[in-house]
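Subject: Structure for your review

Dear colleague,

I am handing over the structure below, and I would be grateful if you could look through it alongside the notes that follow.

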Amino acid sequence: MALEQDIADLVQASNNLTGVVDNKIQLIDQKVAQAQTQFQQWLDTRHVGFSLTDTLLDHSDSYISIPPRFSTLEEAEAFSFNAAEDYAPQNGEGTESYYADIYSKTPGATNWYSEPGPTQFTGRKSVYANISVGTAPHPSPKPVNRIAVLMNSIGSHHRWITTGDPTPNYAQPRTFMNQSINANREIKGQSYGVTNYDDLMAFHENEAAGFPVGFSTVRVINLGPYPIQIKGFWLIHHGYQKEA
């Protein structure tokens with residue numbers, strides 16, 4: 001009798017295990033079906049993404065040359081904003097500027113007060129630039145240069161500074177795309193007759209970024225130690241297309 005009971009217990013345990021496995025499989029099947037439904041719903045309302053490209057500068061415009069503010073990489077790397085003159089640096093005579101402004105052609109905010117408002121933008125942006133560094137073609141190693149990239153905000157207490165009261169704190173630059181890396185970032189490149197060879201630098205790719213409604217201008221400051229020539233600058237607003 002004991003053996004028969006043991007066999008019966010084993011059969012029952014096996015049945016219980018089979019039931020558990022069957023339930024797990026059914027649950028997995030339900031999750032897969034749910035995911036497939038959700039994915040199909042997503043496909044039904046979104047197609048391949050689109051982009052609104054704001055071409056701030058390209059080859060239809062004259063390139064912008066900016067001499068270096070500092071003559072050594074060590075000085076450029078050590079720079080941080082702490083004085084009014086850091087935001088529009090020039091030489092002592094005021095005859096040479098170490099910065100340039102590039103003007104946006106699209107609104108700063110995709111939607112603020114205007115109606116009907118857009119609904120297809122994701123809030124993510126990419127930024128590309130065509131910048132020559134130095135004066136030599138095919139240099140090896142590539143010259144390392146530092147730049148600062150700022151954005152303005154019309155209507156704020158200070159266009160180029162984020163301080164929220166009338167007294168500016170010069171250590172609070174309004175960095176481009178609100179990212180601290182743009183207060184002093186590294187770029188590398190080359191130059192051959194400035195416009196003979198061209199390629200792209202990727203400053204940001206598909207990153208979340210908020211622009212103030214008063215955004216209109218990108219300011220590039222060449223910290224050095226090499227001269228740079230800006231030949232193109234593109235700000236891309238990513239979106240997705242909805243079906244009617």
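In what follows, Ala, Val, Leu, Ile, Met, Phe, Trp, Tyr, Cys and Pro count as nonpolar, Asp, Glu, Lys and Arg as charged, and the others, Gly among them, as polar. Please keep in mind that this is a predicted model.

On that basis, the lining of the largest pocket comprises four nonpolar, four polar and five charged residues. This pocket has a volume of about 180 Å³, and of the 13 residues that line it, Ile 131, Lys 188, Gly 189, Gln 190 and Asp 199 lie nearest its centre. Strand S4, which covers residues 121-133, gives the most to that lining, with three residues.

As for the overall architecture, the protein has two helices and nine strands, and from the N terminus on its elements follow the order α-β-β-α-β-β-β-β-β-β-β. Of its 244 residues, 36% are buried, while the accessible surface comes to about 14,300 Å², with 52% of it belonging to carbon and sulfur atoms. Among the contacts with a separation of 6 or more, 83% are between residues 24 or more positions apart.

Ser 126 counts as buried because its relative accessibility is 2%, under the 20% cut-off. Its side chain makes a polar contact with the side chain of His 238, at 2.7 Å. Leaving aside residues up to four places away in sequence, Ser 126 touches His 204, Glu 205, Asn 206, Trp 234, Leu 235, Ile 236 and His 238.

A few backbone features also deserve a careful look, given that most residues other than glycine have a negative phi, and most peptide bonds are trans. The bond joining Glu 115 and Pro 116 is cis, with omega about -5°, and Pro 116 lies in the loop between strand S3 (99-103) and S4. A cis peptide bond also runs from Gly 224 to Pro 225, with omega near 15°, and Pro 225 lies in the loop between strand S8 (217-224) and strand S9 (228-239).

Met 177, although not a glycine, has a positive phi of about 60°, and Asn 178, likewise not a glycine, has a positive phi of about 60°. Met 177 is in the loop between strand S5 (144-151) and strand S6 (185-188), and Asn 178 is also placed in the loop between S5 and S6. With a relative accessibility of 3%, Met 177 counts as buried.

With best regards

Conventions
Residues are numbered from 1 along each chain as its sequence is written. This is a predicted model: local features need pLDDT of at least 70, side-chain atom pairs count only at pLDDT 80 or more; totals for chains, interfaces and linings use all residues. Side-chain values use heavy atoms; hydrogens and water are left out. Helices (H or I, at least four residues) and strands (E, at least two) are DSSP runs, numbered from the N terminus. Buried means under 20% relative accessible area, exposed over 50%, partly exposed in between (1.4 Å probe, protein chains only). Contact means heavy atoms within 4.5 Å. Accessible areas come from the Shrake-Rupley method with a 1.4 Å probe; for residues, only the protein chains shown count as cover. On a 1 Å grid over the protein atoms alone, a cavity is a set of points where a 1.4 Å probe fits but cannot get out, and a pocket is an open set with protein on both sides within 12 Å along at least five of seven lines; lining residues have an atom within 4 Å of a point. Grid points are joined across faces, edges and corners, and a volume is the space filled by probe spheres set on the points. A polar contact is a pair of N or O atoms within 3.5 Å; within protein, one must be able to donate a hydrogen and the other to accept it, and residues adjacent in sequence count only if both atoms are side-chain atoms.
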